[in-house]
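Trainee: Could you take me closely through the surroundings of the ligand, and then through the packing of the protein?

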Amino acid sequence: MTPAAPDSASPRRLAVIHTGGTIASRPNPHGPGVTPQGAPSVPGLGGVSITEFQPFTLPSPHVTPAHMLRLARLIAEVAPHHDAVVVTHGTDTLEETAFLLHLLLPPGTPVVLTGSMRHAEEVSGDGPGNLLDAAQVALHPAARGRGPLVAFGGDIFDAHTVTKVHTTAVDAFGGYPGPIGRIDRVGETPHVRFFAGPEAHAAYAPEHLNARVEILYAYAGWQGEGYAEAAARADGLVIAALGTGNLPAELLPLIERTQKPVVIATRTHAGPVIPVYGYAGGGATLVQAGAIPASFLNAHKARLLLLVLLSLGYAREDIARVFAEGTF
Ligand SMILES: NC(=O)C[C@H](N)C(=O)O
């Protein structure tokens with residue numbers, strides 16, 4: 001694929017939205033560690049006019065679905081006036097923001113998220129390169145119609161599958177089956193290649209994200225501790241279950257008795273949840289008991305989808321259909 005051709009007649013318009021994270025962080029002048037302080041500097045790009053926005057400046061563990069909804073609304077507002085949008089974000093919950101934006105935004109103007117693993121004052125900081133990559137991917141014609149992407153360490157990921165795979169390495173993102181594209185540079189010329197075409201996409205428009213969805217994490221010997229309390233508090237549950245979506249036998253009667261939607265994801269790092277096993281607590285018995293398989297979504301992305309659908313007032317059967325048909 002050819003590199004993005006600069007249009008010398010009218011500058012392309014890029015919106016860069018800063019939200020915090022390590023890419024915006026420096027040593028804390030008032031206490032321990034590093035903290036987000038302001039916005040990272042955006043590299044100049046020939047023939048591109050850049051407008052910057054800073055709706056909030058947070059470490060990403062402090063980012064909530066309400067912040068993500070605010071960000072989605074800001075992107076929807078600026079997208080019609082720009083050719084592309086870049087979002088800088090902390091890496092810890094970057095995949096959640098990318099996936100929620102994917103659920104909420106129509107796949108028109110490209111949106112590319114990035115961040116960094118090393119802060120602005122570290123030797124070999126990865127922020128400037130990642131930000132330049134994100135801008136060049138977002139401005140590339142082949143990025144259109146794909147929904148939000150993540151550019152990190154030269155790889156390009158889609159919002160469905162991207163996940164943080166390392167706590168400190170600069171190649172911190174991966175996910176099964178892997179990147180959908182790659183950006184490299186020869187001199188200043190970006191070379192962007194996509195390995196896959198755009199996927200089908202549904203955009204949901206909830207007015208709020210006030211439903212309560214909790215995640216429970218399965219382990220060998222779990223007898224359901226915490227389940228009843230979570231089921232009473234929440235509007236829906238996601239369980240990061242074992243393997244293809246199996247649980248200890250003690251969970252089966254608890255799930256059978258739960259009227260609220262219970263989505264079964266997996267704590268395994270790749271592969272689908274499918275109803276294979278018929279022993280008590282096996283995936284086939286959980287589905288028979290009314291549980292909803294999360295397909296390929298990890299637990300925290302399944303939680304966001306369930307949050308959106310519950311906030312829109314979807315009933316259990318409609319939620320099950322969305323997960324089964326993959327309309328997300
Ligand atoms: N590399 C990072 O951005 C991690 C940081 N804790 C954050 O998510 O805000």
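Mentor: A polar backbone atom of serine 116 lies 2.8 Å from a nitrogen atom of the ligand, a polar contact in the sense of a pair of N or O atoms within 3.5 Å. The protein covers 84% of the 270 Å² of accessible area that the ligand has on its own, with areas taken from the Shrake-Rupley method and a 1.4 Å probe. Among the residues that surround the ligand are Gly21, Pro59, Pro61, Asp92 and Met117, where near means that a heavy atom lies within 4 Å.

This is a predicted model, in which local features need pLDDT of at least 70 and side-chain atom pairs count only at pLDDT 80 or more, while totals for chains, interfaces and linings use all residues. Residues are numbered from 1 along each chain as its sequence is written, and side-chain values use heavy atoms, without hydrogens or water.

As for the packing, the largest nonpolar core has 57 residues, of which Ile75, Leu305 and Phe323 touch the most other members; such a core is a set of buried Ala, Val, Leu, Ile, Met, Phe, Trp, Tyr and Cys residues joined through side-chain atoms within 4.5 Å, buried being under 20% relative accessible area with a 1.4 Å probe, protein chains only. Helix H7 (residues 299-311) gives the most to this core, with nine residues, helices being DSSP runs (H or I) of at least four residues, numbered from the N terminus.

Key. Buried means under 20% relative accessible area, exposed over 50%, partly exposed in between (1.4 Å probe, protein chains only). Helices (H or I, at least four residues) and strands (E, at least two) are DSSP runs, numbered from the N terminus. A polar contact is a pair of N or O atoms within 3.5 Å; within protein, one must be able to donate a hydrogen and the other to accept it, and residues adjacent in sequence count only if both atoms are side-chain atoms.
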